[in-house]
Amino acid sequence: MVMSTATAERLDATFAALADPTRRAIVARLAAGDATVTELAAPFAISQPAISKHLKVLERAGLVTRTREAQRRPCRLEAGPLRDATAWLANYRDYWDESYRQLDALLADLTADAAADTGPTATGDSTADGKATTPPPGGAS
């Protein structure tokens, strides 16, 4: 799959922004609704300026926008970059799903072949030539 440079740069910015656990937590919080910097900073043991720096990274990636409502400046999650990242990842999910289907089929074939190669014996134990591997009663071979 060939993508444009602009698309690749947007994906790079999205994944780079989401690489940090604090920013992922901010995105998760904003998925529940808009919030101010103060509201976003509340669950973290870091300063509001540090949260603002994280928000700037998310803004540059296009994941967050800030609006003005009178004295309030709520942050809002923008779904577009997440949708683009999900679409890109979906290509690889399809690849891995097909790989796992092929592996499942191979394992089923191998299991069926192994079951066909080993016939039942009195004890269930046999060698490749069908001879029993357990000693006869009394321990003598």
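**Pocket and helices**

Modeller: Helix H5 gives the most to the lining of the largest pocket, with five residues. This is a predicted model, where local features need pLDDT of at least 70 and side-chain atom pairs count only at pLDDT 80 or more, while totals for chains, interfaces and linings use all residues. Residues are numbered from 1 along each chain as its sequence is written, and side-chain values use heavy atoms, with hydrogens and water left out.

Biologist: And what counts as a pocket, or as a helix?

Modeller: A pocket is an open set of points on a 1 Å grid over the protein atoms alone, where a 1.4 Å probe fits and protein lies on both sides within 12 Å along at least five of seven lines; lining residues have an atom within 4 Å of a point. Helices (H or I, at least four residues) and strands (E, at least two) are DSSP runs, numbered from the N terminus.

Biologist: How much space lies in the largest pocket?

Modeller: About 160 Å³, with the volume taken as the space filled by probe spheres set on the points, which are joined across faces, edges and corners.

Biologist: Which residues are closest to its centre?

Modeller: Thr7, Arg10, Leu11, Pro81 and Asp84, out of the 13 residues that line the largest pocket.

Biologist: What kinds of residues are in the lining?

Modeller: Seven are nonpolar, four polar and two charged. Here Ala, Val, Leu, Ile, Met, Phe, Trp, Tyr, Cys and Pro count as nonpolar, Asp, Glu, Lys and Arg as charged, and the others, Gly among them, as polar.

Biologist: Let's step back. How many helices and strands does the chain have?

Modeller: There are five helices and two strands. Starting at the N terminus, the order is α-α-α-α-β-β-α.

Biologist: How many residues are in the chain, and what share is buried?

Modeller: The chain has 141 residues, and 18% of them count as buried. The cut-offs are under 20% relative accessible area for buried and over 50% for exposed, with partly exposed in between (1.4 Å probe, protein chains only).

Biologist: Aromatics next. How many pairs turn up in the whole structure?

Modeller: A search finds four aromatic pairs. In one, Trp88 and Tyr92, the ring centres are 4.9 Å apart and the planes are at 55 degrees, so the pair is tilted. Rings of Phe, Tyr and Trp (its six-membered ring) pair if their centres lie within 6.5 Å, and planes under 30 degrees apart are stacked, over 60 edge-to-face and the rest tilted.

Biologist: Where do Trp88 and Tyr92 lie?

Modeller: Both belong to helix H5, four residues apart, which is about one turn of the helix. Trp88 is partly exposed at 24% relative accessible area, and Tyr92 is also partly exposed, at 42%. Another pair is Trp96 and Tyr100, with ring centres 6.1 Å apart and planes at 40 degrees, so this pair is tilted. Those two residues also sit in H5, and because they are four residues apart, about one helical turn separates them.

Biologist: Changing topic: is Ser52 buried or exposed?

Modeller: Ser52 is buried, with a relative accessible area of 19%. Its place is in helix H4, which covers residues 48–60. Leaving aside neighbours within four places in sequence, Ser52 is in contact (heavy atoms within 4.5 Å) with Val37 and Arg66.

Biologist: How far apart are Ser52 and Ala41?

Modeller: They are 11 residues apart in sequence and 8.8 Å apart in space, C-alpha to C-alpha. Ala41 lies in helix H3 and is buried, at 7% relative accessibility. Apart from neighbours within four places in sequence, Ala41 touches Gln48 and Ile51 by that contact rule.

Biologist: What about the loops? Where is Ala32?

Modeller: Ala32 sits in the loop between helix H2 (21–31) and helix H3 (37–41). It is exposed, with a relative accessible area of 69%. Ala32 is 44 residues from Arg76 in sequence, and their C-alpha atoms are 9.8 Å apart.

Biologist: And where does Ala70 lie?

Modeller: Ala70 is in the loop between strand S1 (64–66) and strand S2 (75–77). Ala70 counts as exposed at 66% relative accessibility. Its phi is near 60 degrees, a positive value in a residue other than glycine.
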